[in-house]
Amino acid sequence: MAAWATGVFLTCSTASGRRTSRPGPTGCSSTIRRPTSTLRRAAYTQGLVFGAFSVFWTILALQLASPQYGLGAATAGSFGLLGMTGVLIAPVAGRVGDRIGPERVAALGAGVAFLAWLVFGFWGSLIGLGIGVVVLDFGTKIAEGSPAAIKTNPDVIKAYLGATA
């Protein structure tokens with residue numbers, strides 16, 4: 001939401017090529033609110049994957065403090081180090097995205113993130129949490145796709161820069 005608001009309130013181009021710094025009927029907010037179905041699906045997928053990622057990290061300290069584990073919130077930081085392994089998959093995810101397309105790579109990333117929740121649910125141990133963290137981070141990175149695919153996507157260009165860009 002904050003990114004959308006920032007994009008709307010910063011200077012942007014309208015379909016007529018005129019630049020405006022104010023959203024509204026003459027501004028670019030209507031263009032951003034009505035993206036094509038491809039862009040809309042990508043936004044929903046990213047929102048859901050981000051939600052799954054955020055929910056996990058929000059409840060991790062509470063889960064670790066439960067009687068099942070009996071650990072403190074400091075242990076959650078150690079899981080953050082495991083999550084850094086997502087950096088390793090980022091280049092691979094970008095290459096795969098370039099090969100199979102952004103829609104398929106977003107679906108693949110969402111599927112991997114869902115798989116992480118299955119690991120969390122069925123493997124109730126610290127090892128299961130650790131493996132789930134790595135899988136969830138991989139899914140999040142895969143769903144992001146490659147920056148090149150995003151920058152060159154005509155739907156993104158049209159939604160944010162106007163039809164004349």
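This is a predicted model: local features need pLDDT of at least 70, side-chain atom pairs count only at pLDDT 80 or more; totals for chains, interfaces and linings use all residues.

Numbering runs from 1 along each chain as its sequence is written, and side-chain values use heavy atoms, without hydrogens and water.

Helix α5 (residues 86-100) packs on α7 at about 35°, axes 9 Å apart. I note that axes are lines fitted to C-alpha atoms over the stretch in contact, with angles from 0 to 180 degrees between N-to-C directions. In α5, Gly 86, Val 87, Ile 89 and Ala 93 meet Asp 137, Phe 138, Lys 141 and Ile 142 of α7 (contact is heavy atoms within 4.5 Å). I get five nonpolar, one polar and two charged residues there.

Next I checked α6 (residues 102-122) against α7 (residues 126-144): the angle is about 165°, with 7 Å between axes. That makes the pair roughly antiparallel (over 145 degrees). The crossing of α6 and α7 is left-handed. Among the α6 residues meeting α7 I see Val 105, Leu 108 and Trp 117, with Leu 129, Gly 132 and Phe 138 among those on the α7 side. By class, this α6 contact with α7 has 19 nonpolar, four polar and no charged residues.

Last, I counted elements: nine helices and two strands (DSSP runs, H or I of at least four residues and E of at least two).

Definitions and conventions. Angles under 35 degrees count as roughly parallel, over 145 as roughly antiparallel, 65 to 115 as roughly perpendicular and the rest as oblique. A crossing is left-handed if the near helix is turned anticlockwise from the far one by less than a right angle, and right-handed if clockwise. Ala, Val, Leu, Ile, Met, Phe, Trp, Tyr, Cys and Pro count as nonpolar, Asp, Glu, Lys and Arg as charged, and the others, Gly among them, as polar.
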